[in-house]
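Have a look at it first, then follow the points in order.

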Amino acid sequence: MADIVYTLEGGVYLNITNKCPCNCAFCIRSKGDAVGDAEKLWFDTEPTMDEIKKAIDDFDFTKVEKAVFCGYGEPTNAYDHLIEAAKYIKSINPNIKLRLNTNGLSDLINSRPTAKELSEVFDSISVSLNEPTAEKYDKITRNIFDGKAFDAMLAFTRECVKYCNDVRMTVVDVISPEDIELSRQVCESTGAKFRVRSYARGR
């Protein structure tokens, strides 16, 4: 069984699925089987909700200030488990701040609007912008949505901004400085904050 809860550079992360509609050229999971203190982040079979709850129970969340749903897959690909797990952690520690790291394609993945419900259980939402144009985005993310992903991701982010006080969009520093600046402008058009992530660090 792969690790569901793991730590990286002092942060606590939850890995609840390996499914993802993207195959990003820079994805950290292409670099190895695990990061941080995890021994393995690839599941042989997708975890059940009972297994996710057990992993949460086995880790002392009562003293954890922040935790992030971000593993070797897109968390919203396990949407029901994601919502339930987030609520479960909040029931254990109501003061914990939960962040969702997502590709922003939840509405396409789940065939319905999801931003409002996600914003009700997460204190912070971080959306991977990756590139400033649809063409470049599709090329680097290699997603399955046939030209629909970029606009859907921006629409999802705008909806999150309506309901969540802390929404950011990120790019990884593997793209050019010019594209980073253009990405900043795209991000600002959604109302979200902007962050450049280090490929070397992976988060």
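Which residues does T157 touch, not counting residues up to four places away in sequence?

1. T157 touches V127, V167, M169, T190 and A192, once residues up to four places away in sequence are set aside. Bear in mind that this is a predicted model. T157 sits in helix α6, and with a relative accessible area of 0% it is buried.

2. One of those partners, T190, also turns up in the packing of α6 on α7, where F150, L154, T157, R158 and V161 of α6 meet V186, S189 and T190 of α7. The axes of α6 (residues 149-163) and α7 (residues 177-190) come within 8 Å and cross at roughly 50°. Angles from 65 to 115 degrees would count as roughly perpendicular and those under 35 as roughly parallel, so α6 and α7 are oblique to each other. Sorted by class, this contact has four nonpolar, three polar and one charged residues.

3. Helix α6 also packs against α5 (residues 134-141), here at an angle of about 100° with the axes 8 Å apart. That makes α5 roughly perpendicular to α6. On the α5 side the contact uses A134, Y137 and D138, and on the α6 side A149, F150 and M153. The class count for α5 with α6 is five nonpolar, no polar and one charged residues.

4. Now for G104, in the loop between β4 (97-102) and α3 (106-110). Is G104 buried or exposed? Its relative accessibility is 1%, and buried means under 20%, so G104 counts as buried. Leaving aside neighbours within four places in sequence, G104 is in contact with V127, A152, M153 and F156. V127 is a contact of T157 as well. For a distance check, G104 and K66 are 38 residues apart in sequence and 21 Å apart in space, C-alpha to C-alpha.

5. On to N110, which is found in helix α3. At 22% relative accessibility, N110 counts as partly exposed. With neighbours within four places in sequence left aside, N110 is in contact with T76 and Y79. N110 and N77 are 33 residues apart along the chain, yet their C-alpha atoms are separated by 7.6 Å.

6. L118 touches T76, Y79, L82, I83, L100, S106, I125 and F156, not counting residues up to four places away in sequence. T76 and Y79 are also the contacts listed for N110.

7. Last, helix α1 (residues 49-58), whose buried residues are M49, I52, A55 and I56. They cover an arc of only 125° around the axis, which puts them on the same side of α1. As a reminder, an α-helix has 3.6 residues a turn, so residues three or four places apart point the same way. D50, K54 and D58 are exposed on the other side of α1. What covers the buried residues of α1? The cover includes β1 (5-8), β2 (11-14) and α2 (79-92).

How values were computed: Residues are numbered from 1 along each chain as its sequence is written. This is a predicted model: local features need pLDDT of at least 70, side-chain atom pairs count only at pLDDT 80 or more; totals for chains, interfaces and linings use all residues. Side-chain values use heavy atoms; hydrogens and water are left out. Axes are lines fitted to C-alpha atoms, for helices over the stretch in contact, and angles run from 0 to 180 degrees between N-to-C directions. Helices (H or I, at least four residues) and strands (E, at least two) are DSSP runs, numbered from the N terminus. Angles under 35 degrees count as roughly parallel, over 145 as roughly antiparallel, 65 to 115 as roughly perpendicular and the rest as oblique. Contact means heavy atoms within 4.5 Å. Ala, Val, Leu, Ile, Met, Phe, Trp, Tyr, Cys and Pro count as nonpolar, Asp, Glu, Lys and Arg as charged, and the others, Gly among them, as polar. Buried means under 20% relative accessible area, exposed over 50%, partly exposed in between (1.4 Å probe, protein chains only). The arc is that of the directions from the helix axis to the C-beta atoms.
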